[in-house]
Amino acid sequence: MAKLIIFSAPSGAGKSTLIRFLLEQGLNIRFSISATSRKPRGEEKNGVEYYFLTPEEFRRRIADNEFLEYEEVYKDKFYGTLKSEVDRILAEGMNVVFDVDCIGGLNIKKIYGDQALSIFVMPPSVKVLRERLEKRGTDTPAVIESRLAKAEYEMSFAPQFDVTVYNGDYNQAKAEVLKLVTDFLMD
Ligand code: 5GP
């Protein structure tokens, strides 16, 4: 039976890099493309990183019960997993990987139970996150503080996940993820 792998993490933990790595390992895993009502950034394309919807369209789909889970992160900024996306991938006999926030990840795990593995990616420490944000230099000190507070809050969800991967060293974290997922898919 095809399986589901869920990745959640505070921002800056390096979750996307681990997912990209996993998709290249020939494990018959496909990425679940989420829907969002935020605007595309940079080179992002509809149907690649996300399905970009207007807030109105997103609300209509909520009303039509089209989402497995969704959240309104800020006013009119929705993110959600479409049931049709997951069903399509599973119908192809492929495993599914999700990049979702902590609440979304726990909701998906609750729905799929043992068919799903929930992985929490832990950044090295708040101190390292702070250094990364300060070095990046794109945020004011107040914004940095609010991002760090959010990261700390999100880290408190870790014990509710099946496993936590510490992302201090990328190569080590990649090896760990590969072993966890390979074992889970063979089980
Ligand atoms: P970004 O706007 O940077 O692409 O994503 C912001 C956050 O939304 C990330 O933590 C990402 O994991 C989360 N996210 C993306 N898609 C979904 C989804 O379908 N459901 C939920 N709950 N969160 C999502």
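So, G80: one of its polar backbone atoms is 3.1 Å from an oxygen atom of the ligand, and that counts as a polar contact, meaning a pair of N or O atoms within 3.5 Å. The protein covers 81% of the 520 Å² of accessible area that the ligand has on its own, with areas taken from the Shrake-Rupley method and a 1.4 Å probe.

Before I go on, a word on what you're looking at. This is a predicted model, where local features need pLDDT of at least 70 and side-chain atom pairs count only at pLDDT 80 or more, while totals for chains, interfaces and linings use all residues. Numbering runs from 1 along each chain as its sequence is written, and side-chain values use heavy atoms, with hydrogens and water left out.

Back to the ligand. Y79 has a polar side-chain atom 2.5 Å from a ligand oxygen, and E69 has one 2.7 Å from a ligand nitrogen.

Which residues come nearest to the ligand? They're S34, R38, Y50, E69 and Y79, out of 14 around it; being near means having a heavy atom within 4 Å. That shell divides into 7 charged, 4 polar and 3 nonpolar residues. Here Ala, Val, Leu, Ile, Met, Phe, Trp, Tyr, Cys and Pro count as nonpolar, Asp, Glu, Lys and Arg as charged, and the others, Gly among them, as polar. β6 makes the largest contribution to the shell, 3 residues. Strands are DSSP runs of E, at least two residues, and helices are runs of H or I, at least four, numbered from the N terminus.

Now, where does the ligand sit? In the largest pocket, which means more than half of its atoms lie within 2 Å of the pocket's grid points. A pocket is an open set of points on a 1 Å grid over the protein atoms alone, where a 1.4 Å probe fits, with protein on both sides within 12 Å along at least five of seven lines; lining residues have an atom within 4 Å of a point.

The largest pocket has 48 lining residues, with S11, K15, R41, Y50 and D99 nearest its centre. α6 gives the most to that lining, 8 residues. By class, the lining has 22 nonpolar, 16 charged and 10 polar residues.

Technical notes. A polar contact is a pair of N or O atoms within 3.5 Å; within protein, one must be able to donate a hydrogen and the other to accept it, and residues adjacent in sequence count only if both atoms are side-chain atoms.
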